[in-house]
Amino acid sequence: METSARERESYGGALAGHMPELRRPRKVGRMRQTAEPPPAAAQPRRHDPFIRVRGAREHNLRGIDVDIPRDALTVFTGVSGSGKSSLAFGTLYAEAQRRYFESVAPYARRLIHQIGAPKVDSVTGLPPAVSLEQRRSTPGSRSSVGTVTLLSNSLRMLFSRAGAYPEGAPRLDSDAFSPNTAAGACPSCHGLGSIHRTSEELLVPDPGLSIREGAIAAWPGAWQGKNLRDILEVLGHDVDVPWRELPAADREWILFTEEQPVVTVHPVRDADRIQRPYQGTYMSAHRYVMRTFSDSKSATLRARAERFLTDSPCPVCKGRRLRAEALAVTFAGRTIAELASLPLTALDRVLAEDLMSRIGPVVELGLGYLSLDRTAPTLSAGELQRLRLATQLRSGLFGVVYVLDEPSAGLHPADTEALLGVLDRLKAAGNTVFVVEHHLDVVRHADWLVEVGPRAGEHGGRVLHSGPPRELAGIAESATAQYLFGAGGDGPGREGHDEHDGRAVREGHDGRAVREGRAVREAAGAVRLEGVDRHNLRGVDVEFPLGVFTAVTGVSGSGKSTLVGQVLAREVGERLAEPGFPVRRLVEVDQKPIGRTPRSNLATYTGLFDVVRRLFTAAPGARARGWKAGRFSFNVAGGRCETCQGEGFVSVELLFLPSTYAPCPDCGGARYNAETLLVRHDGLNIAEVLALTVESAAAFFAGVPAAARSLKALEEIGLGYLRLGQPATELSGGEAQRIKLATELQRQRRDHTLYVLDEPTTGLHPADVRVLLRQLHGLVDAGHSVVVVEHDMDVVAGADWVVDLGPGGGADGGRIVAAGTPRQVARAGQGRTAGYLARALGTARGR
């Protein structure tokens with residue numbers, strides 16, 4: 001929809017203090033205005049202060065027209081799957097990227113045809129753009145906080161130029177202080193700081209078994225494992241005595257030899273087939289595990305091999321990753337490894353002024369608890385994005401569009417206030433800031449608000465509002481307005497009924513629904529942890545009640561994920577088989593991707609694809625051709641498109657930019673070859689079935705119970721807008737987590753189960769939060785236990801028990817600040833959570 005004159009007028013009035021360039025000319029350099037203005041014909045044309053989009057049709061967008069102001073902070077919001085990211089990233093950023101390619105070398109311009117251009121008629125007034133997404137891919141282990149923020153470069157230069165060298169030692173280049181270069185990396189661990197080791201205990205967990213009985217658990221299964229056993233028998237080893245009774249020298253050779261002898265194996269004859277002798281090559285268990293872990297392209301095989309490995313600090317560099325020459329240089333009495341291991345707040349007190357100014361924005365965004373050597377794979381997507389955002393503050397860029405993907409993800413309310421200040425500074429530097437966001441404090445803070453909706457998928461894709469946030473109150477279709485505004489604006493909230501279960505609800509401090517009419521549940525037992533020492537947790541004693549909904553809170557870095565994901569989950573997992581232990585099952589639902597390539601998707605992860613393939617195998621066209629289920633798998637040769645190997649996409653290398661995926665030029669993203677697509681089930685081929693949304697598929701497969709059960713679970717958790725074949729690389733962390741939860745919910749277990757979730761509301765619109773909470777509270781009502789790490793104070797206010805960690809992050813955290821019911825924690829007034837929780841409880845009754 002086009003921005004009306006009234007909207008532009010009200011926008012100008014609302015932003016008079018924020019955008020003076022729309023009201024008066026800027027002073028440029030030292031130039032002064034002449035006494036007489038130039039003739040009208042000679043006056044420069046004033047630039048259009050709006051970015052104007054016409055006919056945007058990317059994904060579910062319905063040919064929308066929208067005008068968005070430049071030099072302002074604009075928030076794009078709407079329910080999950082409404083199309084807001086398709087507008088902000090899929091259209092605006094993608095168009096800016098396309099124009100960049102148009103401006104560079106002819107070779108790079110050819111890449112545009114491979115990547116494709118966004119589906120939009122026109123975009124005018126669009127400056128160059130910088131994208132700060134929550135990347136779905138996992139960074140490598142060599143990436144760290146220091147490399148992401150570029151602080152490591154400055155620290156290495158400091159040691160190279162100003163470090164204290166041993167007497168007579170030559171001055172080192174800055175590369176010598178990097179574990180990622182040949183000049184600096186420890187030659188033993190190649191700069192990783194740790195080495196993978198295995199042991200007899202890991203490779204042979206049950207020494208009472210013989211080799212024939214499977215004593216060497218690390219060996220592969222099926223024929224390959226039998227082959228290795230037969231080779232050992234030919235070599236003269238006894239494969240029928242218990243492992244522990246073999247001579248120590250034989251055990252050592254079998255597990256760890258680097259020799260690969262070749263022998264002739266004469267298989268035992270089976271009655272029904274002839275087996276000829278063959279030449280077999282022996283490989284030790286250690287060699288097999290290390291080769292599989294380092295070389296296998298199968299994630300399943302690598303994960304299996306990893307079970308037989310353990311990480312230990314490199315014995316040469318003691319985990320410090322560098323050569324001895326670099327570790328001999330000091331600054332302020334410390335080595336570069338010692339400084340890199342300090343929390344940024346502590347490092348700030350040691351370094352020079354330039355480095356301090358670089359650390360400042362990182363600390364301001366609530367990440368001061370991180371150290372430079374903290375590896376990137378251990379960081380959340382939100383932490384990585386905020387690190388990149390802090391780096392942009394120092395870049396000095398102006399006149400560009402920053403497009404951010406939910407920068408408040410994983411932030412405690414106290415840290416959100418600092419984030420708003422950083423966004424304002426980006427804007428004040430002369431930039432346009434686009435933020436895809438659900439957090440209502442960020443929405444309120446925006447200069448301009450674009451809501452896409454009204455619902456998800458094919459029921460969304462329209463611009464409901466484009467203008468100042470306060471004018472959203474008059475949009476009846478808006479899913480955001482009912483949460484953003486209470487009755488009377490700043491009044492005590494408005495009451496109503498949950499459209500899903502009819503219970504009375506009341507809106508909390510930021511408009512989110514707070515349930516009434518349910519007393520705090522009574523615990524039915526507890527899991528007690530004592531003396532917990534891990535990361536920044538020091539001697540922590542804590543109790544997690546069972547049969548209730550428990551929320552674990554605290555600022556970023558306070559130790560929440562460590563306590564819940566690493567300590568509680570591990571303790572419960574180890575005690576599941578213990579007689580009398582009340583918990584019989586443990587389900588951990590995290591936000592890690594359900595797959596790392598386009599080959600993985602919603603249908604394959606949930607098992608729904610197995611049902612679909614069986615249906616197509618039974619189709620007349622498949623039976624006539626003698627096709628089995630494998631023909632309809634895009635993971636094996638036969639039915640898949642061989643150009644893209646069944647992925648539907650091909651990787652496009654962009655030279656100096658990260659590689660990206662583009663639709664396969666042969667199958668157009670269908671994944672299958674033309675012959676396979678001739679077979680149909682109820683009028684659709686298998687590619688068309690994978691293109692169905694969950695909602696459409698539920699109707700299509702209504703008569704197939706095995707499929708209907710999976711689809712119902714996905715619909716009930718708010719994922720009806722996703723396509724069955726949607727690649728895992730396109731799913732957000734929150735979507736991946738809800739897919740995992742839906743997969744668990746359809747199993748309908750009766751045993752007492754503990755569900756552990758890490759920030760389940762991240763990336764969810766308040767309306768979607770309500771749907772998710774209904775499912776989680778339903779699990780507790782069914783007799784199970786739920787523990788969530790959470791920052792959303794209205795979710796915390798609706799919990800039965802709260803454990804608050806802090807008071808700060810890193811070394812300043814790791815303690816239990818308060819534990820009790822939400823009201824008890826709020827009234828205690830301890831830590832940074834209490835005040836925000838009190839606000840959330842302020843309008844709720846019956847707690």
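The model is predicted, and local features need pLDDT of at least 70, side-chain atom pairs count only at pLDDT 80 or more, and totals for chains, interfaces and linings use all residues. Residues are numbered from 1 along each chain as its sequence is written, and side-chain values use heavy atoms, with hydrogens and water left out.

The protein chain contains 30 helices and 28 strands, where helices (H or I, at least four residues) and strands (E, at least two) are DSSP runs numbered from the N terminus. Of its 847 residues, 52% are buried; buried means under 20% relative accessible area, exposed over 50%, and partly exposed in between, with a 1.4 Å probe and protein chains only. Contact means heavy atoms within 4.5 Å. Among contacts between residues at least 6 apart in sequence, 66% join residues at least 24 apart.

Strands of a sheet pair through backbone hydrogen bonds, either parallel or antiparallel. Here two strands pair if DSSP finds at least two bridges between them. An open sheet of 3 strands is arranged in the order S2-S1-S4 with antiparallel pairing. S2 and strand S4 (122–124) are at the edges with a single partner strand each, so one side of each has no neighbour in the sheet. S1 and S2 pair in the antiparallel sense over 5 bridges, and Ile51 has Ile68 in S2 as its bridge partner.

Asn60 is placed in the loop between strand S1 (50–56) and strand S2 (64–69). Asn60 counts as buried because its relative accessibility is 18%. The Asn60 side chain reaches the backbone oxygen of Gly457 at 2.8 Å. Apart from neighbours within four places in sequence, Asn60 is in contact with Gly81, Ser82, Gly83, Ser86, Gly457, Gly460 and Gly461.

In strand S3 (residues 73–77), 5 of the 5 residues are buried, so the strand is largely enclosed by the rest of the structure. Leu73, Val75 and Thr77 are buried on one side of S3, and Thr74 and Phe76 on the other, which leaves both faces covered. S3 pairs in the parallel sense with strand S13 (residues 432–436) over 4 bridges, and Phe76 has Val436 in S13 as its bridge partner. S3 also pairs in the parallel sense with strand S14 (residues 448–453), over 4 bridges; Val75 stands opposite Leu449 in S14.

Rings of Phe, Tyr and Trp (its six-membered ring) pair if their centres lie within 6.5 Å, with planes under 30 degrees apart counted as stacked, over 60 as edge-to-face and the rest as tilted. By this rule there are 11 aromatic pairs. Phe609 and Phe634 form a stacked pair, with 5.2 Å centre to centre and 25° between the planes. This pair links distant parts of the chain, 25 residues apart: Phe609 is in helix H21 (residues 608–617) and Phe634 in the loop between helix H22 (620–625) and strand S23 (649–654). The ring centres of Phe634 and Tyr672 are 6.2 Å apart and the planes are at 65°, so this pair is edge-to-face. Phe634 is buried, with a relative accessible area of 0%, and Tyr672 counts as buried at 2% relative accessibility. Elsewhere, ring pairs link Phe159, Phe177 and Phe331 into a cluster.

Conventions
Polar contact = N/O pair within 3.5 Å; in protein donor to acceptor, adjacent residues only side chain to side chain.
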